[in-house]
Amino acid sequence: MDEMLIAPSLLSANFACLQQEIATVEKAGADILHLDVMDGQFVKNITFGPCVVKCIRETTQMPFDVHLMIDRPERYIEDFLRIGCQWLSFHIEATDCAADIIKKIKEYNCKAAIAIKPNTDIDTITPYLADLDMVLVMSVEPGFGGQKFIEKILEKIIQLRKMPDCPKYIQVDGGINGETALKAAEAGANIFVAGSYIFKSNQISNTIQNLRDVLYGLSTKKSPH
Ligand SMILES: O=C(CO)[C@H](O)[C@H](O)COP(=O)(O)O
Ligand SMILES: [Fe+2]
């Protein structure tokens, strides 16, 4: 495995000063910005929608990685694509239109990903694997930051990596810190979403650098930062 991407999740940032929080992680060398969109239906929490994403799009150069935790994402997918997202994930449990959504995402030259909850079997996404750029394996129940990493999902990452159509990127999201990131990387993940571990730390820059050191300790490729 070579490229390892660190994706701070804005869910744990201070929403009263988003621009400043984003600038801090960008300066600290984060690779992509993870944006958790929740609708109060698919998950028991509500965060923000396209209006907020559009405003913050203008404040940073970082690629946007939008994680849609909404029912029937096909209703809103184009709103996010028009803003200029580079990665877009939707949940397989939330839709019957996965193939159409992937097609739409690709029309916008955006990377397409399907997310799966910790108890969802990978068989549910195998028909789409060849068309995806990434699979997002949830390592907590979606809805809230600050939860404990669910170890049993590591087996799912290992299985995915063995599949012939496995996309280049496997993202792991939930309960990521130095220790759990290492376990997920050893299993085959290469994009690491971390919310509370990064934004609740006193030294955001050191925390991102530590995560990078841990991950690139495993990698054959040199860290770009
Ligand atoms: O998708 C998510 C929750 O549904 C978040 O991306 C995730 O929980 C990140 O937060 P933390 O690193 O604190 O677990
Ligand atoms: Fe997320």
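The legends below describe several close-up views of a predicted model.

Local features are given where pLDDT is at least 70, side-chain atom pairs count only at pLDDT 80 or more, and totals for chains, interfaces and linings use all residues. Residues are numbered from 1 along each chain as its sequence is written, while chains are lettered from A and ligands numbered from 1 in the order in which they are written.

**View 1. The shell of residues around ligand 1.**
Ligand 1 is surrounded by 22 residues, and the closest are Ser9, Pro142, Gly145, Gly195 and Ser196; a residue is near a molecule if its C-beta atom, placed from the backbone, lies within 6 Å of it. By class, this shell holds eight nonpolar, twelve polar and two charged residues, where Ala, Val, Leu, Ile, Met, Phe, Trp, Tyr, Cys and Pro count as nonpolar, Asp, Glu, Lys and Arg as charged, and the others, Gly among them, as polar. At least two shell residues each come from β2 (33-38), β3 (64-69), β8 (191-194) and α7 (196-199); helices (H or I, at least four residues) and strands (E, at least two) are DSSP runs, numbered from the N terminus.

**View 2. Strand β8 and its partners.**
Strand β1 (residues 5-8) runs parallel to β8 and is joined to it by four bridges, with isoleucine 6 standing opposite phenylalanine 192 in β8; two strands pair if DSSP finds at least two bridges between them. Strand β7 (residues 169-173) also pairs with β8 in the parallel sense, over three bridges, and glutamine 171 has isoleucine 191 of β8 as its bridge partner. On one side of β8 lie Ile191 and Val193, on the other Phe192 and Ala194, and all of them are buried. A residue is buried if 20 or more other C-beta atoms lie within 10 Å of its own, exposed if 12 or fewer, and partly exposed in between, with C-beta atoms placed from the backbone. Together, β7, helix α6 (residues 178-187) and β8 make a right-handed β-α-β unit, which means that, with the strands pointing away from the viewer, the path from the first strand over the helix to the second runs clockwise.

In an unreviewed entry, UniProt places the feature "binding site" at His34, Asp36, His67 and Asp173. These positions span 140 residues in sequence, yet no two of their C-alpha atoms are more than 10.5 Å apart, so they gather at one spot. UniProt positions are given in the numbering used here, feature names are shortened, and annotations may be inferred rather than shown by experiment. Aspartate 36, found in strand β2, is buried, with 25 other C-beta atoms within 10 Å. Histidine 67, in strand β3, is buried as well, because 26 C-beta neighbours lie inside 10 Å. Among the residues that histidine 67 touches are His34, Asp36 and Asp173, not counting residues up to four places away in sequence; two residues are in contact if their C-beta atoms, placed from the backbone, lie within 7 Å.
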